[in-house]
Amino acid sequence: MTATLVLFHQNLRLADNRALAFAAERGSVVPVYIRDDGQMAGRALGGASRWWLRESLKDMGENLHKKGADLILRRGETLAVVRDLIQQTGATAVTWNRRYEPDLAIRDAKLKSALQADGIDVQIYEGFLLFDPTSLRTGGGTPFKVFTPFSKACFVAPPPSKPIAAPQHLKGIDGICSDALDDWKLVPRTAAWPKTLAAAWDVSEQTAWKRLQDFIAGSIDRYHGDRDRPDIDGTSRLSPYLHFGQISPHQIWYAVQKAAAIGGKNSTSIERYVLEILWREFSWNLFCQFPALPEKPLVASFGRFPWRDDPDALKAWQKGLTGYPIVDAGMRQLWQTGWMHNRVRMVVASFLIKHLLLDWREGEAWFWDTLVDADIGVNAASWQWVAGCGADAAPFFRIFNPMLQGKKFDPQGEYVKLYVPELAQLDPAYIHEPWRAPLDQLRKAGIKLGATYPLPIVDHNTARQRALAALASIKA
DNA sequence: TGAAATGTTGGGGCG
DNA sequence: ACGCCCCAACATTTC
């Protein structure tokens with residue numbers, strides 16, 4: 001029997017894991033998660049992600065143990081750790097699922113050649129993305145910068161590989177020492193956070209799969225209409241599982257395709273959902289082509305955009321104290337649950353950038369820290385999209401009106417009431433613009449604007465004009 | 001995967 | 001019957 005090291009990064013699952021399957025077939029399996037702080041590329045794991053990672057490793061460790069192999073946790077420089085483990089286990093092969101972050105891909109390529117020079121067999125498998133970002137190109141051979149043709153190219157590309165089952169059994173190796181997960185202190189910075197996150201999420205591979213099945217059996221049929229409604233549980237909420245790999249996009253792709261083939265579901269809804277999965281692919285495609293995506297606006301003129309410096313406004317946004325209920329509800333949902341509904345993400349992002357004129361990178365950094373689904377490629381591409389400086393972006397002048405967005409997508413104010421409880425007693429007619437409510441209505445609802453709930457930190461019309469003027473200033 | 005400003009049309013009230 | 005105004009409803013343009 002020959003031993004194989006399986007390096008886990010983001011594909012933290014047993015099913016549809018080709019690296020793990022390769023190792024299992026080959027002989028003994030040594031599953032390893034290496035915490036290499038030198039590989040953070042200047043960006044440490046966000047707070048919510050630390051919590052999710054800890055839960056993921058716990059769950060996957062248990063699942064691996066049940067199959068017969070114990071997960072080894074190590075901290076240190078990757079090559080050194082791998083060489084040490086090779087020596088201890090006699091492993092003759094190392095395998096992992098491919099990483100796409102441009103700088104990590106370079107590191108992995110170096111690791112591969114270093115190990116090969118040691119005489120080790122190295123196998124790298126796909127898993128995180130459906131389509132190889134380097135292979136999808138426009139007719140002219142350039143990277144896609146527009147979503148629609150990109151998605152069309154996906155549908156005519158060679159189909160993604162079909163998901164495979166988890167190995168039946170794993171043959172482990174005893175006596176390899178591992179760090180204790182608790183010693184890694186993968187905890188967010190506030191003590192209360194893990195509790196609220198744990199109340200919102202059950203982090204396991206099994207849950208991810210069940211969530212997908214439930215979604216396909218239920219709300220995917222109404223996805224087209226409900227996906228924009230934060231007051232309705234109309235989305236799959238798979239994003240964090242997809243980021244950490246409790247589920248693979250391949251599993252989603254084929255499960256949805258199967259449901260479509262069986263029929264009986266609203267086909268517009270199914271297509272819409274698949275397109276959302278492809279937005280994730282598109283984002284990573286962009287990130288692979290433009291490694292500076294998280295830092296640098298794709299549209300060069302935005303390099304001279306007159307962003308304001310206003311720590312108080314930033315803080316008000318982060319805490320959900322802007323005085324605009326739909327914005328505050330979103331920011332508080334984020335803080336409490338590590339997740340925010342997609343429609344509201346667009347609204348709060350537009351508000352930060354356009355109403356407050358704060359740099360989209362400030363928002364990106366906050367999302368990175370607080371989202372359990374924080375994903376560098378998706379986060380960067382999406383913030384640039386809202387800011388109007390990204391690929392196929394919403395034009396900058398598309399400024400969301402928070403009152404209209406609230407009325408349109410949270411018509412009864414149920415979403416606002418849930419996350420902004422100080423407004424819960426207010427007549428729904430005024431819930432998205434409490435400053436317009438008659439005084440007696442406010443009194444009846446126990447609201448004193450400026451005391452129990454803030455007045456708007458900026459006036460909508462004034463802010464809108466200011467944003468348009470700022471845009472004009474960078475033109476030509 | 002906007003919103004606001006501006007333009008156009010057509011019905012109805014009314015002198 | 002006619003012109004005029006008002007204005008909602010819709011369309012187009014502009015930001």
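Predicted model: local features only at pLDDT ≥ 70, side-chain atom pairs only at ≥ 80, totals over all residues.
Residues are numbered from 1 along each chain as its sequence is written, while chains are lettered from A and ligands numbered from 1 in the order in which they are written.

**Overall form**

- The C-alpha trace of chain A spans about 80 × 50 × 50 Å along its principal axes.
- Chain A holds 20 helices and 5 strands, taken as DSSP runs numbered from the N terminus (helices: H or I, at least four residues; strands: E, at least two).
- Of the 476 residues of chain A, 44% count as buried; a residue is buried if 20 or more other C-beta atoms, placed from the backbone, lie within 10 Å of its own, exposed if 12 or fewer, and partly exposed in between.

**Core**

- The largest nonpolar core has 124 residues, and L5, V6, V30 and V32 have the most contacts inside it.
- Such a core is a set of buried Ala, Val, Leu, Ile, Met, Phe, Trp, Tyr and Cys residues joined through C-beta atoms within 7 Å.
- Not counting residues up to four places away in sequence, V32 touches L5, V6, L7, F8, I72, R74 and L85; contact is a pair of C-beta atoms, placed from the backbone, within 7 Å.

**Domains**

- Chain A is assigned domain 1 (2-128), domain 2 (129-160 + 204-288) and domain 3 (300-474), with bounds from an automatic or database domain assignment.

**DNA strand B**

- The residues around DNA strand B include F147, W279, M346, R398 and Q405, where near means a C-beta atom, placed from the backbone, within 6 Å of the strand.

**Q168**

- Q168 lies in the loop between α5 (147-156) and α6 (193-200).
- Q168 is exposed, with 8 other C-beta atoms within 10 Å.
- The C-alpha atoms of Q168 and L14 are separated by 9.9 Å, although 154 residues apart along the chain.

Notes:
Contact = placed C-beta atoms within 7 Å.
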